[in-house]
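Morning, everyone. I'll take you through one model today, starting from a single residue. Have a look at the picture first.

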Amino acid sequence: MQGPYSFSSPRPSLPTSYSQSFGILRTVDFTIYPDGTTHISQQSTADPTEPELKVPLFGKSIDNLVAQDENGLLLSFDIEGKDAIVQTLGASSVSIEYDS
């Protein structure tokens, strides 16, 4: 069998926040390529009144991370350990894509 292989997992009740802000991880998609590289897409809800959203990241290394709001606006972020701290700018939904 040759790849890439892809699977999705809706996660309607997994909290993605700890001390920064409250959000819910709504979906996470993994596309696994034959060389072992994995592309990850995550979508989370965000509280538009909070300035930041803490999102857990999957994988040992994080490359090519892009964070966008529901309108496609690019959002700033910092990576702290296994989490991304996203500056939400009033967004109610945040999409993150990256490679691991």
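A strand here is a DSSP run of E, at least two residues long, and strands are numbered from the N terminus. With that in hand, find D99. It sits in strand β8, which covers residues 93-99.

Remember that this is a predicted model. The mean pLDDT of the chain is 84. Of its residues, 78% reach 70 or more. Be careful with residues 10-20, though. There pLDDT stays under 50, and the model has 34 contacts beyond four places in sequence for that stretch.

Back to D99. Which side chain of opposite charge is nearest to D99? That is K82, and K82 is 14 Å away. D99 is buried, yet D99 has no salt bridge.

What does D99 have, then? Its side chain makes a polar contact of 2.9 Å with the side chain of N64. Beyond four places in sequence, D99 also touches T38, H39, S61, I62 and D63.

Now the core. In soluble globular proteins, nonpolar side chains tend to be buried together. The largest nonpolar core in this model has 16 residues. Among those with the most contacts inside that core are L65, V94, I96 and Y98. Strands β2, β4, β5, β7 and β8 each give two or more residues to this core. β8 gives the most, with 3 residues.

Last stop, L65. Leaving out neighbours within four places in sequence, L65 contacts L57, F77, I79, I96, E97 and Y98.

Terms used: Residues are numbered from 1 along each chain as its sequence is written. This is a predicted model: local features need pLDDT of at least 70, side-chain atom pairs count only at pLDDT 80 or more; totals for chains, interfaces and linings use all residues. Side-chain values use heavy atoms; hydrogens and water are left out. Helices (H or I, at least four residues) and strands (E, at least two) are DSSP runs, numbered from the N terminus. Buried means under 20% relative accessible area, exposed over 50%, partly exposed in between (1.4 Å probe, protein chains only). Lys and Arg count as positive and Asp and Glu as negative; His and the chain ends are not counted. A salt bridge is a side-chain nitrogen of Lys or Arg within 4 Å of a carboxyl oxygen of Asp or Glu. A polar contact is a pair of N or O atoms within 3.5 Å; within protein, one must be able to donate a hydrogen and the other to accept it, and residues adjacent in sequence count only if both atoms are side-chain atoms. Contact means heavy atoms within 4.5 Å. pLDDT is the predictor's confidence in each residue, from 0 to 100. A nonpolar core is a set of buried Ala, Val, Leu, Ile, Met, Phe, Trp, Tyr and Cys residues joined through side-chain atoms within 4.5 Å.
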